[in-house]
Amino acid sequence: MIMLRSKSGDQLSFYQTIRDIRGLWKCDKVVCKNRKRKNNNIERRNNNKRQMCAATNNTQYNFNNNDQQNKAETNSSGSNTHLDKDKCEKIKRFILIGVLAVLGIVGWHIYEYFYAGKGGGGDDGTFVEHEIIDLTQRLFADEVRTNNYPINVNFQGKTKSFARDDRAAEPLLQTDDALYTTDASSTIPLLRRLFDNYLLDVNAVEGTTAEQAQEELDFLRAVLKTSIMKHTMLFLQQRGLVAANHKAQIELLRSVWFTQYSRSRGRMGSSGFEHVFLAELRDETILGLHNWIYFHEQEAQGNLDYKGFIEKIQLDKNKYVLATRFTFYNHIKPYNTLFIGTSPEFELSVYTVCFLLHVEEPCPVQMGNTKFNINTNAWDWHGRKTLAAAYPSLEK
């Protein structure tokens with residue numbers, strides 16, 4: 001085994017314990033063997049004395065006296081034998097306990113090496129959580145290599161969720177035209193094409209036209225061509241959550257993100273995609289709005305007013321997790337979280353994995369050297385589980 005190649009302190013202690021156990025076992029056998037030989041000698045002497053007394057026809061008194069002495073010696077021998085047996089049993093129990101303790105120590109070190117050491121550095125958590133952390137580390141490394149967008153993030157003043165003042169006179173995000181005129185493989189232009197397919201009011205009934213359905217399909221096909229989503233689908237495929245064929249993977253994403261359901265009065269006016277990548281209004285409450293591209297577009301149109309940041313974590317150059325306060329169509333959202341500077345395929349991948357493997361519970365992820373959680377919620381629509389919400393969490 002790998003752990004026994006070099007004699008560390010624990011290994012030397014283990015070998016020494018084995019030698020001590022062998023020594024105790026040999027000692028135990030020698031003690032028991034000597035006691036047995038002594039008892040046999042005493043029994044032989046007693047038999048010889050009985051034979052001598054019977055042969056010489058000695059006096060009854062002497063015979064009785066010798067008999068009493070022999071009985072006393074026999075009783076003493078039996079008592080000693082009983083004590084020796086108890087001692088041997090105690091030694092055996094001690095040896096057994098020692099063996100079990102050593103096996104427990106060895107087993108724990110094997111677990112640390114093969115499971116805790118490789119699965120997440122020994123941190124608490126389930127095996128699934130360690131797998132998600134490992135996947136998100138690899139996805140983020142791929143994201144940093146392939147998607148570096150020309151954006152400028154202007155955080156300005158720090159604020160609180162309960163504040164009412166404006167701590168940011170300027171917009172949060174500034175970009176150049178290259179963000180929207182990148183090569184054909186970019187998923188951002190295809191994402192932006194979907195923004196005008198939805199109505200803000202969740203009470204309004206929505207339908208999907210053939211053209212809109214094709215735009216959704218074009219977006220998902222482009223996402224599946226990216227290396228980030230390919231790695232994600234392989235991960236899900238290895239866990240039996242999706243088949244290897246392209247059609248099954250498209251159908252999985254469509255089911256999770258584009259299934260329409262009702263958030264209000266039974267009216268079909270919502271979906272996971274609309275909630276996360278756009279925004280919804282229910283009376284005077286802002287729902288969703290967890291995508292920075294939509295955030296920037298609404299800022300540019302004058303519909304959204306950034307009021308300052310509550311908390312921020314820098315993941316890499318121009319890539320952040322942000323908690324912010326803003327108004328949207330003059331409605332206040334006191335606390336909202338979103339990624340900044342990440343690609344649509346990256347956000348879809350991370351949210352989909354957490355939804356399928358860790359829904360309704362904090363889903364641990366790691367991006368660069370930073371660990372935090374993703375929260376996802378499910379919506380049970382006529383027995384069909386689909387996505388209700390997904391967003392990064394900065395709660396400690």
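This is a predicted model: local features need pLDDT of at least 70, side-chain atom pairs count only at pLDDT 80 or more; totals for chains, interfaces and linings use all residues.
Residues are numbered from 1 along each chain as its sequence is written, and side-chain values use heavy atoms, with hydrogens and water left out. Helices (H or I, at least four residues) and strands (E, at least two) are DSSP runs, numbered from the N terminus.

**H10 and its partners**

- Helix H3 (residues 127-146) packs with helix H10 (residues 344-358) at about 175 degrees, their axes 11 Å apart; axes are lines fitted to C-alpha atoms, for helices over the stretch in contact, and angles run from 0 to 180 degrees between N-to-C directions.
- That makes H3 and H10 roughly antiparallel (under 35 degrees is roughly parallel, over 145 roughly antiparallel, 65 to 115 roughly perpendicular and the rest oblique).
- By class, the contact of H3 with H10 has ten nonpolar, three polar and two charged residues; Ala, Val, Leu, Ile, Met, Phe, Trp, Tyr, Cys and Pro count as nonpolar, Asp, Glu, Lys and Arg as charged, and the others, Gly among them, as polar.
- H7 meets H10 at about 80 degrees, again with axes 11 Å apart, so H7 and H10 are roughly perpendicular.
- Here Leu252, Leu253, Val256 and Trp257 of H7 touch H10 through Leu348, Tyr351, Thr352, Phe355 and Leu356.
- The class count for H7 with H10 is eight nonpolar, one polar and no charged residues.

**Helix H6**

- H6 (residues 227-238) has twelve residues and reaches 17 Å from first C-alpha to last, close to the 16 Å expected (1.5 Å times one less than the number of residues).
- Ile228, Met229, Thr232, Met233, Phe235 and Leu236 of H6 are buried (under 20% relative accessible area; exposed is over 50%, partly exposed in between, with a 1.4 Å probe and protein chains only).
- After H6 comes Gly240, with a positive phi near 70 degrees.

**Thr175**

- Thr175 lies in strand E2 (residues 173-175) and is partly exposed, at 26% relative accessible area.
- Leaving out residues up to four places away in sequence, Thr175 touches Pro150, Ile151, Tyr180 and His296.
- Thr175 and His296 are 121 residues apart in sequence and 8.7 Å apart in space, C-alpha to C-alpha.

Key. Contact means heavy atoms within 4.5 Å.
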